[in-house]
Amino acid sequence: MNKRVRYLFTGMVQGVGFRPFIYRTAKLHNLAGLVQNRSDGVRVEVEGPAHRIEAFLSNVLENPPPLARISSVTSGEIACRGEVDFSIIESDALTQADVHISPDIATCGECVKELFDPGDRRYRYPFINCTNCGPRLTIISDVPYDRSRTSMSRFPLCSLCRKEYENPLDRRFHAEPNACPECGPRLQLLQSDGSELPGGDPVTEAVRLLREGMVVAVKGIGGFHLAVNAANGDAVERLRIKKNREEKPFALMVRDIESAGRIALLDDEEKKLLQSPERPILLVRKKPGAVISPAVSPGLTTFGIMLPYTPLHHLLLNKGCEVLVMTSANEIDEPICIGNNEAVKRLSSIADYFLVHNRDILVRCDDSVAVSVMNAPYFFRRSRGYAPAPLLLHRSYPAVLALGAHLKATVCVLRDSHAFLSPHIGDLSTPQARDFLHETVTLMRRIAASEPGVVACDLHPDYYSTRAAFDMEGVELLRVQHHHAHVVSCMADNGITGRVIGLAMDGTGYGEDGTVWGGEFLIADECAFTRAGHIHTFILPGGEAAIREPWRVAMALLREHCGDEAQALASKLALIPDGVDIEFFNEIMRKKVLCPATSSMGRIFDAAAAVLGFRSVVNFEAQAAMEMEAAAESGECGHALSHEVMKGNGAYQLHLAPLIAALAHDRLEGVRIPDLARAFHRTIAEALADVAGRIRIDTGLDRAVLSGGCFQNRILLRDTVECLRKNKFKVFYHRRVPANDGGIALGQAVSAGARKL
Ligand code: ZN
Ligand code: ZN
Ligand code: FE
């Protein structure tokens, strides 16, 4: 007895080989029917015996194509038609809604096999791809996703490519970037003045130049990288000097997973993440004795490594250097470079050669950065490979556009139960980044097919994103406090609602009282919060300067706890850099001029790192804290040091000046630095659990939500989770979006959306 069932699949089901997959699966189960792309998803009708239809559906749900993400399936029985065949029928006139744009996906195994097969017509062709892999987001000029709206539109398909493109059983059926050496894009190798380097095959030449220690700018998927041989210390140093990037770690690209294992200590989860189709940069432990220039990540025990994710990367690494430095090509704080002319103009003082091609990158997309924590990925930057796939939320919200924070900026469009979080935009201090923000807003509205009338932004009046929100006309503006947005982003990340205890441990954010917040205990739901506790406020002598010079914060905290003895302590610790006018500094502190108040946890970490002798002055944000974390890994936990909690102004005040003073004294008594670094992390974790415990007694709330940039510190994260769980808390930390300001846009969007419910 036959029946006919109609399904509607929604989510990322178009442009990812879903229809040919349905076709093959229906054939496999000997079912008749049809499949069709529609504006609201993919419609499937199957006709046949009930048990085969069931088997078909479980097959579809259990083994969808690698890039497909089914977010919902609805079904209903309809009248049989007595068909005998299964067919792919013409698409419904597509509107934009629910046609999700796929992220860019690493070259799949089948394509890599063809790439290195001398008998294949795409042998060594650097633009090989199929429905399961290749560029997506970064080649679109508009939606819906179709070759005519990509930078492939200028390459008419040759007859062989067209046959593949039109055959539902071919794995290149409707692979929009499909190409071959006959009809597709080509490489060129340019000299630093932009003229073409005469000579042979650009890949072979580039490999030779990299071997010789040259800096080669390589056009990738979402922008240019600067590449040098990672084993060549001189080359890496030279790149560092040219790039003006004194000590920030460089990312590495390794030939394959075996090569990765030669330079890093990898567990199974890390191997899995490195080989995933998203191919993030993964922070992994350095292997002792690895032949990598120490200039790659000075002072740290980790490397950021990734595997090749374009055919060109495979070609460059296959017979070339086993490990390349691959760092985003940009001037400090500027967005990643994408155009050929732009690259030559902006990078001619850094790169010796340019390996470019004529397939335009239309959307910038930096590499994603993740780490494996407690056997799951944990993101520092969610960008290429992940964006713009929407994050599924646990419920629907009214449409909102959120403009995010200022550093590590992203934007987010909320529509129904989907949060479309943009690729990484970066630091909004430069005009280029600001243009990029506006481009991204336009792009994300198109991708989400939504023009929200509600716009969310930070409270900080000087964030460029806040000003941009104020400049938008005809929209309702909702402002979300920075740390509240952190907490809500983590709630949305975990699919929870209702009241929670939010622990937002952060660098800095604008507080409701106009002071600089950053170590906050919030009783929060999605819409509102109260500040139940915070780190007891201390001063930042010199304001902004105190962020670059952690010794200033350390001095402020030592003085708070030890009074005049602070000066003597500081000189024994060699805390104050040479050349500092200490009289002037003391004067500032005494008069409290240029001394904004803060409750920032990030600054507490800086101060601890300064007192422990890691560094008094930093070259980039969190540098001292990262070095302290690295040292703590080899430290013994011992006993936790002191902290104090008092109640004042209606909130718990966590006093950490005594902890900084204890570190100073213990160091002078000769306690090992790694042990002190370890004890510091443990003490902070216990202090956080202590305050959370008091708030639970007051409120009965037992869910603790951890967010804010300080939770990028893995030791702090693990310790805090452990201490809270030991105290019977249900603990939530980030899974899909970063704990840092890259997640702020999501929190803003969900908070504003919830207020409009
Ligand atoms: Zn492929
Ligand atoms: Zn072709
Ligand atoms: Fe923040």
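Partly exposed, in this talk, means a relative accessible area between 20% and 50%. By that cut-off D360 is partly exposed, because its relative accessible area is 33%. The model I am showing is predicted.

Let me stay with D360. This residue forms a salt bridge with R154, and the closest N and O atoms are 3.6 Å apart. D360 sits in the loop between strand 14 and strand 15, and R154 in the loop between helix 3 and helix 4, so the pair ties together parts that are 206 residues apart in sequence. R154 is partly exposed as well, at 47%.

In total the structure holds 53 salt bridges. Another one joins K730 to D702, with 3.2 Å between the closest N and O atoms. K730 belongs to strand 29, while D702 is in the loop between helix 21 and strand 28, 28 residues apart.

Now a buried pair. R603 forms a salt bridge with D606, at 2.9 Å between the closest N and O atoms. Both residues lie in helix 18, about one turn of the helix from each other. R603 has a relative accessible area of 6%, and D606 has 3%. There is also a network of salt bridges, which links R4, R6, R43, E45, E47, R81 and E83.

Last, the metal. Which residues coordinate the iron ion, ligand 3? They are H482 and H486, each through NE2, together with D506 and D741 through OD atoms, at 2.1 to 2.7 Å. Along the chain the donors follow the spacing H-x3-H-x19-D-x234-D. H482 and H486 are 4 residues apart in helix 13, which means about one helical turn separates them. Both H482 and H486 are buried.

Definitions and conventions
Residues are numbered from 1 along each chain as its sequence is written. Chains are lettered from A and ligands numbered from 1 in the order in which they are written. This is a predicted model: local features need pLDDT of at least 70, side-chain atom pairs count only at pLDDT 80 or more; totals for chains, interfaces and linings use all residues. Side-chain values use heavy atoms; hydrogens and water are left out. Donors are N, O and S atoms within 2.8 Å of the metal (3.2 Å for Na, K and Ca); water is not among the atoms, so sites may look incomplete. Helices (H or I, at least four residues) and strands (E, at least two) are DSSP runs, numbered from the N terminus. Buried means under 20% relative accessible area, exposed over 50%, partly exposed in between (1.4 Å probe, protein chains only). A salt bridge is a side-chain nitrogen of Lys or Arg within 4 Å of a carboxyl oxygen of Asp or Glu.
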